[in-house]
Amino acid sequence: MNYTWEILKLETQEETSSDGTNLTDSIVRIDWRRRAVDDDGTEASYKGVTHVSASSTLAEDFIALAAVQKSHVVSWIESNMSDGDVVIMNKTLQDKINTNRTTRSSFKPAWD
């Protein structure tokens, strides 16, 4: 199974760091989709939302919005998930793939 993350939307607001510094455009909400593709090409996806805060971050460790990369955002999503959350998400994706595989059919019509 191949898993990938899509970041659908980021929401920001002003926050205060743990050392009292004003942090503009701090990411506070991440809308995401996790896609799974099985070896036979059958796909499924799972949408979610993760709320984050920079209020416990030191100003020197804060990543400005212009410098944020997808790898940072994925790391924040994953760090907010428990092992149980990941197991449930992967099980849901596998169930969706199984459903998609059994309900999908294709054929070449015999038209001229």
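Predicted model: local features only at pLDDT ≥ 70, side-chain atom pairs only at ≥ 80, totals over all residues.
How many residues sit between strand 1 and strand 2 in their hairpin, and which residue in the turn has a positive phi? Five residues lie between the two strands, and the positive phi, about 85°, belongs to G20.

Numbering starts from 1 along each chain as its sequence is written, and side-chain values use heavy atoms, with hydrogens and water left out.

## The sheet

Let's start with the strands. Here helices (H or I, at least four residues) and strands (E, at least two) are DSSP runs, numbered from the N terminus. Three strands make an open sheet in the order 1-2-3, with antiparallel pairing; two strands pair if DSSP finds at least two bridges between them. Strand 1 (2-16) and strand 3 (43-51) are the edge strands, each pairing on one side only. From one strand to the next, the twist averages 20°. Angles like this run from 0 to 180 degrees between N-to-C directions, using axes that are lines fitted to C-alpha atoms, for helices over the stretch in contact.

Strand 1 and strand 2 (residues 22-37) run antiparallel and are joined by 13 bridges.

## A helix across the strands

Helix 1 (residues 70-79) lies across strand 1, strand 2 and strand 3, running at about 90° to strand 1. Its buried residues are V73, V74 and I77. Looking down the axis of helix 1, you'd find these buried residues within an arc of 100°, so they line one face of the helix. (The arc is that of the directions from the helix axis to the C-beta atoms.) As background, an α-helix has 3.6 residues a turn, so residues three or four places apart point the same way.

What covers the buried residues of helix 1? The cover includes strand 1, strand 2 and strand 3. Contact here means heavy atoms within 4.5 Å, while buried means under 20% relative accessible area, exposed over 50%, and partly exposed in between (1.4 Å probe, protein chains only).

## A cluster of rings

Now for the aromatic side chains. Rings of Phe, Tyr and Trp (its six-membered ring) pair if their centres lie within 6.5 Å; planes under 30 degrees apart count as stacked, over 60 as edge-to-face and the rest as tilted. The whole structure has two aromatic pairs. One of them is W5 with W32, an edge-to-face pair at 5.1 Å centre to centre and 75° between the planes. This pair links distant parts of the chain, with W5 in strand 1 and W32 in strand 2, 27 residues apart. W5 is buried at 10% relative accessible area, and W32 is buried too, at 4%.

W32 also pairs with Y46: the ring centres are 6.1 Å apart and the planes are at 15°, so this pair is stacked. It joins W32 in strand 2 to Y46 in strand 3, 14 residues apart. Y46 is partly exposed, with a relative accessible area of 25%. Together, the ring pairs link W5, W32 and Y46 into a cluster.

## Salt bridges

How many salt bridges does a search of the whole structure find? There are six, where a salt bridge is a side-chain nitrogen of Lys or Arg within 4 Å of a carboxyl oxygen of Asp or Glu. One of them joins R35 and E6, with the closest N and O atoms 2.5 Å apart. R35 is in strand 2 and E6 in strand 1, 29 residues apart. R35 is partly exposed at 27% relative accessible area, and E6 is partly exposed at 27%. E6, R33 and R35 are linked in a network of salt bridges.

Another salt bridge pairs R101 with D40, the closest N and O atoms being 2.7 Å apart. R101 lies in helix 2 (residues 83-103) and D40 in the loop between strand 2 and strand 3, so the pair ties together parts that are 61 residues apart in sequence.

## More on helix 2

K91 forms a salt bridge with D95, the closest N and O atoms being 3.0 Å apart. Being four residues apart in helix 2, K91 and D95 are separated by about one helical turn. N90 is in helix 2 as well, and N90 is buried at 19% relative accessible area. Leaving aside neighbours within four places in sequence, N90 is in contact with Y3 and R34.
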